[in-house]
Amino acid sequence: MASNLKIRQQVSPEEWALRQDLAACYRLFVKYGWTDLIFTHLSARVPGQPDHYLINPYGLLFQEITASNLIKVDFSGRVISGEYPYNEAGHAIHSAVLRARSDINVALHSHTRAGTAVSAMECGLLPLSQQANEIGNLVCYHRYDVATDNEDECARLGKDLADKWAMIMNNHGLLTVGRDMAEAFYLLYTLENACKIQVDVMASGAKQIIPSPEAIAAVAQFSLIGKAKAGDPESYLQRNWQALVRMLDHADQSFRQ
């Protein structure tokens, strides 16, 4: 408990609030079944320190992540604070993404069954659901390669992301980004559900119904990803995020420690 207090006293109020949000996001991955043992990783750029980011301690399960045990790393790979190492592939992916896009502050990466299944489909994400159509124009693709300690691969990762907000990493998994936690989480939740629906539809063998281009475009225009003011408490993105945090608080507030 003393070390928790020490960390809180050493960081700004803005960083502490972000640490709690990021720890909450790790716990939500547990709740929704998006974890992969101690692997995969979520990151957030430190407020006021654009070349530093927070990420999970390598070796802890996501249910063990708290605001105080997150580690702070710079883009060169130096651990600024924290008592654990980081996952090398995690550092490669997240530093590449955050370096490439100064407008984003959060990056979430998953290896879920449905997300990875769609990542292995040559057709990519199909417009089979409202979820897919809401975010379809925000999605890009990245050819599979091993990201660990590979500068060329990291550069290509940032280049492939370009101005998009979600990436399907072929034969690997999903990646979403956002200006804040609310934005990145909503996008991953929506993309994951779109992938689940696609896998179910394709597994059924039934003939697919594809909406008209006009209907797809009409749904896409309602997305606030990258459009609404970041952190706007009146947006559905923030309302949704605060509801999720309240749900965690009712069940277990240890992520805030």
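Leu37 sits out in the open: its relative accessible area is 60%, so it counts as exposed (over 50%; buried means under 20% and partly exposed lies in between, with a 1.4 Å probe and protein chains only). It belongs to the loop between helix H2 (13-31) and strand E1 (42-46); helices (H or I, at least four residues) and strands (E, at least two) are DSSP runs, numbered from the N terminus.

A word on the model: it is predicted, with local features needing pLDDT of at least 70 and side-chain atom pairs counting only at pLDDT 80 or more, while totals for chains, interfaces and linings use all residues. Residues are numbered from 1 along each chain as its sequence is written, and side-chain values use heavy atoms, with hydrogens and water left out.

Back to that loop. Thr40 is also in the stretch between H2 and E1, and Thr40 is buried at 1% relative accessibility. Most residues other than glycine have a negative phi.

Now the whole chain. There are nine helices and eight strands. The radius of gyration, taken over C-alpha atoms, is 18 Å, close to the 18 Å that the globule rule gives for 257 residues, so the chain is as compact as a globular protein of that length. That rule is 2.2 Å times the number of residues to the power 0.38. The C-alpha trace spans about 60 × 40 × 30 Å along its principal axes, and buried residues make up 51% of the 257. Take the contacts (heavy atoms within 4.5 Å) between residues at least 6 apart in sequence: 66% of them join residues at least 24 apart.

Leaving aside residues up to four places away in sequence, Trp241 touches several residues, including Asp21, Leu28, Met181 and Phe185.

H7 also holds Glu183, which is buried with a relative accessible area of 1%. Beyond residues up to four places away in sequence, Glu183 touches Trp165, Gly178, Leu224, Ile225, Gly226 and Leu237.
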